[in-house]
Amino acid sequence: MSRSFAAWFAFLYAVSSLPMVSAADRTPNIVLILADDLGYGDVSYHGATDIRTPHIDSLARDGLRFDTFRANSNVCSPTRAALLSGRFPDRAGVPGVIRFHPENSWGRLADDVTLLPKALKPAGYRSAIVGKWHLGLNEPDTPLDRGFDVFHGFLGDMMDDYYTHLRHGENFMRRQREVISPEGHATDLFTEWSCDWIRGQAGKPEPFFLYLAYNAPHGPIQPPADWLKRIRGRSPELPEKRAKFVALTEHLDDGIGRVLGTLKDLGIEENTVVIFTSDNGGDVPSGASAGPFRSHKGHMYEGGLRVPCAVRWPGVVKPASRIAFPALTLDLYSTLVDIARQPVQAGTDGVSLLPTLRGEAQPVPDRVQYFVRREGGVQFFGKTNDAVIRGRWKLVHDGPMSPLELFDLESDPAETTNLVEKSPKVFRELVLELSRQLQLGGAVPWQRANSAK
């Protein structure tokens with residue numbers, strides 16, 4: 001046997017003798033995709049018949065779908081704060097929507113909150129946010145101030161136009177801290193920027209975390225003309241409002257498909273966790289659907305809180321699995337920190353869903369789910385609408401002038417029958433629980449001293 005052949009044989013033998021490393025033992029990349037105002041009834045894997053979301057559906061087909069997943073609020077900023085902090089929104093300093101005008105802005109990220117990119121940093125993650133931030137317009141509350149290495153997106157709450165990207169005439173588009181004026185539909189830009197950043201990370205030894213926060217299908221409902229033409233040709237019977245919403249959502253789904261395709265083309269999808277969800281329920285007046293649930297965005301009924309959620313992790317999550325585990329947006333924080341094998345910061349309110357992702361039995365935690373939104377204007381005048389869920393029971397306070405309502409979600413998931421008078425003991429218990437949650441949230445400052453002057 002020649003010396004070179006013997007050396008090659010010895011190398012092959014040594015490699016074959018190494019212990020196999022399972023997918024669960026590797027440090028995976030993470031892609032967290034958040035849609036804006038995409039309700040439970042607007043993905044086809046939930047049974048929608050007039051909308052096609054094949055790429056979102058593929059995450060449920062190839063991974064795990066949560067059939068009982070709720071956003072932590074019925075509007076944007078509070079849920080985003082919960083997602084990135086692992087805290088209930090008001091305990092992260094964001095009980096309501098952060099806006100352009102201080103007198104109508106209802107939150108500020110608490111200084112002591114450790115956001116996901118900082119929590120993942122000790123595990124070697126390089127972190128980027130592409131898309132909508134909506135958690136602060138100025139230092140020290142921009143993405144780069146709060147732990148992200150890269151920011152390429154939009155600081156504000158919404159765009160008045162998907163092509164000009166302006167809000168109240170102001171430009172909040174940024175690349176790092178630079179003001180930019182890119183051309184194109186915002187969904188396409190966020191997709192392209194995400195794909196470009198992923199390509200730049202491929203081959204690097206450290207894992208990456210991409211938080212891709214689209215602003216679609218939030219209003220204005222402004223799909224590209226060719227996508228609207230496609231929907232009109234396929235479904236001419238759809239009302240104009242619904243057709244435009246379907247077109248905007250299917251255009252979003254196509255962008256998600258391009259991101260997933262980039263992972264596949266680079267050969268890294270097998271070592272990448274992909275999570276998809278939405279920040280709150282759909283805006284039915286704008287053409288969205290809540291599926292079988294009551295009401296929509298901005299309300300504390302299930303239509304405002306129930307959202308799709310699917311997780312794909314090849315080699316760990318069993319394909320085409322589904323579970324009714326009642327999970328919350330803030331649970332994703334603890335889950336991702338757990339996946340990275342890092343300690344979860346004290347004061348977080350979520351639970352890690354990692355056992356569920358691995359297919360292990362995970363008891364439903366004995367906890368109260370709490371939902372809050374503080375708002376201004378003549379409807380709310382600085383007060384809150386809130387809800388708590390304990391087991392099968394849900395207490396709803398849908399606005400300052402609204403009565404308290406009690407529902408049995410097990411027998412009445414559509415929330416049609418108020419049981420306050422029939423179940424007074426449960427009602428009193430949940431009222432006390434809601435009061436306790438509001439006290440805890442009230443201990444956290446959410447404005448600068450001069451913000452409301």
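Helices (H or I, at least four residues) and strands (E, at least two) are DSSP runs, numbered from the N terminus. The model is predicted, so local features need pLDDT of at least 70 and side-chain atom pairs count only at pLDDT 80 or more, while totals for chains, interfaces and linings use all residues. Residues are numbered from 1 along each chain as its sequence is written, and side-chain values use heavy atoms, with hydrogens and water left out.

**Exercise 1.** Find where A320 lies and decide whether A320 is buried or exposed.

Solution. Start with the location: A320 is in the loop between strand 12 (309–312) and strand 13 (321–323). Next, take the cut-offs: buried means under 20% relative accessible area, exposed over 50%, and partly exposed in between (1.4 Å probe, protein chains only). With a relative accessible area of 58%, A320 is therefore exposed. Finally, look at the backbone: A320 has a positive phi of about 55 degrees, although it is not a glycine. For context, most residues other than glycine have a negative phi.

Now try S295. This residue sits in the loop between strand 11 and helix 8. S295 also has a positive phi, about 70 degrees, without being a glycine. Its relative accessible area is 22%, so S295 is partly exposed.

**Exercise 2.** Work out how helix 2 and helix 7 are oriented at their crossing.

Solution. Axes are lines fitted to C-alpha atoms, for helices over the stretch in contact, and angles run from 0 to 180 degrees between N-to-C directions. The axes of helix 2 (residues 54–62) and helix 7 (residues 240–265) come within 7 Å and cross at roughly 55 degrees. Angles under 35 degrees count as roughly parallel, over 145 as roughly antiparallel, 65 to 115 as roughly perpendicular and the rest as oblique. Helix 2 is therefore oblique to helix 7.

Then list the contact (heavy atoms within 4.5 Å). Helix 2 contributes P54, H55, I56, S58 and L59, and helix 7 contributes D253, D254, I256, G257 and L260.

**Exercise 3.** Classify the ring pairs F88 with Y370 and Y301 with F407.

Solution. Rings of Phe, Tyr and Trp (its six-membered ring) pair if their centres lie within 6.5 Å; planes under 30 degrees apart count as stacked, over 60 as edge-to-face and the rest as tilted. By this rule there are twelve aromatic pairs. For F88 and Y370, the centres are 5.5 Å apart and the planes stand at 75 degrees, so the pair is edge-to-face. F88 is in the loop between helix 3 (76–85) and helix 4 (116–120), and Y370 is in strand 15 (residues 369–374), 282 residues apart. Both F88 and Y370 are buried.

For Y301 and F407, the centres are 6.2 Å apart and the planes stand at 70 degrees, so this pair is edge-to-face. Y301 counts as buried at 8% relative accessibility, and F407 is buried at 1%.

**Exercise 4.** Describe the surroundings of helix 3.

Solution. First count: ten of the ten residues of helix 3 are buried. Next, find the partners: these buried residues pack against strand 1 (29–35), helix 4, strand 4 (126–132), strand 10 (208–213), helix 9 (331–339) and strand 15. Last, check what comes next: G86 follows helix 3 and has a positive phi, near 75 degrees.
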